[in-house]
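Trainee: I would like to go through this model step by step. Could you show it to me before we start?

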Amino acid sequence: MNNPDSTTQSVISAAIERLHSEPFPSDVLPSQATIEATRKQLLATLPNDGLGLTETIRHLQDDLKPGLNGASRSANYYGFVTGGATPIASISDNFVTACDQNVQVHLPTETIATDIEDRALSLLCELLDFKPESWPHRTFTTGATASNVLGLACGREYVIAEASAHRTDAENSVGEYGIVEAMYRAGIDKIQILTTVPHSSLSKAASILGLGRASVKTIGREDAPHKFDMKVLRSLLEQPSSASIVAVSASEVNTGLFATSGLEDMQELRSLCDMYGAWIHVDGAFGILGRVLHGAKYEAIIQACAGLELADSITGDGHKLLNVPYDCGFFLSRHRNIAERVFQNPNAAYLATSNGPDSIMSPLNIGVENSRRFRALPVYASLVAYGKSGYRDMLERQIELSRGIAKFILESEDYELLPESDASTEETLSGIYIIVLFRAKNEELNKRLIESIKATRKIYVSGTSWNGQPACRFAISNWRVDVKKDLLLIREVLQEVVAAKTS
Ligand SMILES: *Cc1c(COP(=O)(O)O)cnc(C)c1O
């Protein structure tokens, strides 16, 4: 019989120390052989007698870990917007596990966990140049998808209540009556989500919430699909018997482009939405970090993030540009009353708290989960450790690398930067955030481009399609970016795959 509990604390500390002292991987992925070999090591059935602590640690470390891709730990993994984890965030994540603290109910005489979570959120507001007091409904979620679910849930509650206020005098709540009856009472027969270049999770959120994927309507301009066609937007908002949520893509995953380009754009959206009782939700999963930037070099991004404080709710991701471990997103909303109407656990006396109007809200009554991981701690620790300028520096390095790659592509005979544009090099580069979309000019090479780049095992990129053709994408989101060194390697790989094709 092996009882894991009988082994000493020193085995645990040795294992954790080993994990944190391992060098960062130089390969972006394990080899196929390693993947297959490690997969075979998985226990096929539940052992009757457990392996015990020491043997299980060995099993994880030696048999299984080599088969994990550890993509976020590699500095040259540029597939998807994954982010990495700053060292302080990694360590505090172990802290979270060791403490096993539930952050569910605000119990100020028993724990400061909810104070830490709320402080992490207000520091985050400061980082993003939002007034913490303007966002009284704020919480950590499992990621941006979950935050989008919260945004649409709050929006749904709000727009139906607004429609009711205008058409009847009755207090009307989806949380109370359900969507069918609430819509019936409000005299509306349609809820539409009006957006441009949405992330796929927005439609997923619409499906979960009973709004339906078909309710997501893309109304981008023909000449600039990421921008709202304001004429179309106005005509849809005006439609009788319908209520609307406007979802602003504050940086889109394929191109890194933003839906708005200045305070006036957001002001125009705000006044239109106020006129028609619509809710504005911003999906700023990684774009919202653009608000830490300063200086002329970043003016286009700064403008694209201007006015986002006029939104009703905002989605942000922790595991992307905040560079904390997975299982972390955040959600901000200006409407505290809506939070309670949507997420309140009714009649749960055993969960009661002393929620005064100015106190910290119990997380269980303002988000999806009841019992929750203390995911706020790595955010708190990383914000404290780096400060505003540390995060600004991190993002500036990521943007400089992206612009370096884009410049190389613009000057190259073999590659073409996407979306195609007639703008000057300078203007094009000033609009680049952390995504670089491109393709090879040679059609044969372009078809195999992603695979050829990945086959070098030096860098990793992901594929997408652009105007019906394959395209390739760098997403720069790791705190470890070293502009000079990484750019050298990337140029070398991009030249290597062209040379291999022609030789
Ligand atoms: C990544 C991303 C999401 C989804 O985030 P998860 O953390 O993977 O749930 C949503 N919206 C945008 C714009 C994203 O980039």
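Trainee: In which hand does helix 4 pass helix 14?

Mentor: This is a predicted model, in which local features need pLDDT of at least 70, side-chain atom pairs count only at pLDDT 80 or more, and totals for chains, interfaces and linings use all residues. Residues are numbered from 1 along each chain as its sequence is written, and side-chain values use heavy atoms, with hydrogens and water left out. A crossing is left-handed if the near helix is turned anticlockwise from the far one by less than a right angle, and right-handed if clockwise. By that rule the crossing of helix 4 and helix 14 is right-handed.

Trainee: At roughly what angle do the axes of helix 4 and helix 14 cross?

Mentor: Helices (H or I, at least four residues) and strands (E, at least two) are DSSP runs, numbered from the N terminus. Axes are lines fitted to C-alpha atoms, for helices over the stretch in contact, and angles run from 0 to 180 degrees between N-to-C directions. The axes of helix 4 (residues 87-99) and helix 14 (residues 376-411) come within 8 Å, and the crossing angle is roughly 145°.

Trainee: How many residues of the contact of helix 4 with helix 14 are nonpolar?

Mentor: Contact means heavy atoms within 4.5 Å. Ala, Val, Leu, Ile, Met, Phe, Trp, Tyr, Cys and Pro count as nonpolar, Asp, Glu, Lys and Arg as charged, and the others, Gly among them, as polar. The contact has 1 charged residue and 2 polar ones, while the nonpolar residues number 10.

Trainee: Which residue of strand 8 stands opposite Phe 140?

Mentor: Strand 2 and strand 8 (residues 329-333) run antiparallel and are joined by 5 bridges. Arg 138 stands opposite Leu 332. The residue opposite Phe 140 is Phe 330.

Trainee: Why is strand 2 described as largely enclosed by the rest of the structure?

Mentor: Buried means under 20% relative accessible area, exposed over 50%, and partly exposed in between (1.4 Å probe, protein chains only). One side of strand 2 carries His 137, Thr 139 and Thr 141, the other Arg 138 and Phe 140, and all are buried. Strand 2 (residues 137-141) is largely enclosed because its buried residues number 5 of the 5.

Trainee: In strand 6, which residue is the bridge partner of Val 246?

Mentor: Strand 5 (residues 242-249) and strand 6 run parallel, with 5 bridges between them. Both faces of strand 6 are covered, with Ile 280 and Val 282 on one of them. The partner of Val 246 is Ile 280.

Trainee: Is Lys 320 buried or exposed?

Mentor: UniProt, in an unreviewed entry, places the feature "modified residue: N6-(pyridoxal phosphate)lysine" at Lys 320; such annotations may be inferred rather than shown by experiment, feature names are shortened, and positions are given in the numbering used here. Lys 320 sits in the loop between strand 7 (313-317) and strand 8. Beyond residues up to four places away in sequence, Lys 320 touches several residues, among them Val 81, Phe 286 and Ser 477. Its relative accessibility is 10%, so Lys 320 counts as buried.

Trainee: What angle does helix 14 make with strand 10?

Mentor: A second open sheet has 5 strands in the order 1-11-12-10-9, with mixed pairing. Strand 9 pairs with strand 10 (residues 435-440) in the antiparallel sense over 4 bridges. Helix 14 packs on this sheet, touching strand 1, strand 9, strand 10 and strand 12 (469-475), and its direction makes an angle with that of strand 10 of about 20°.

Trainee: What separates the C-alpha atoms of Asn 446 and Cys 472?

Mentor: Asn 446 belongs to helix 16 (residues 443-455). With a relative accessible area of 4%, Asn 446 is buried. Asn 446 and Cys 472 are 26 residues apart along the chain, and their C-alpha atoms are separated by 8.6 Å.

Key. Pairing = 2+ DSSP bridges.
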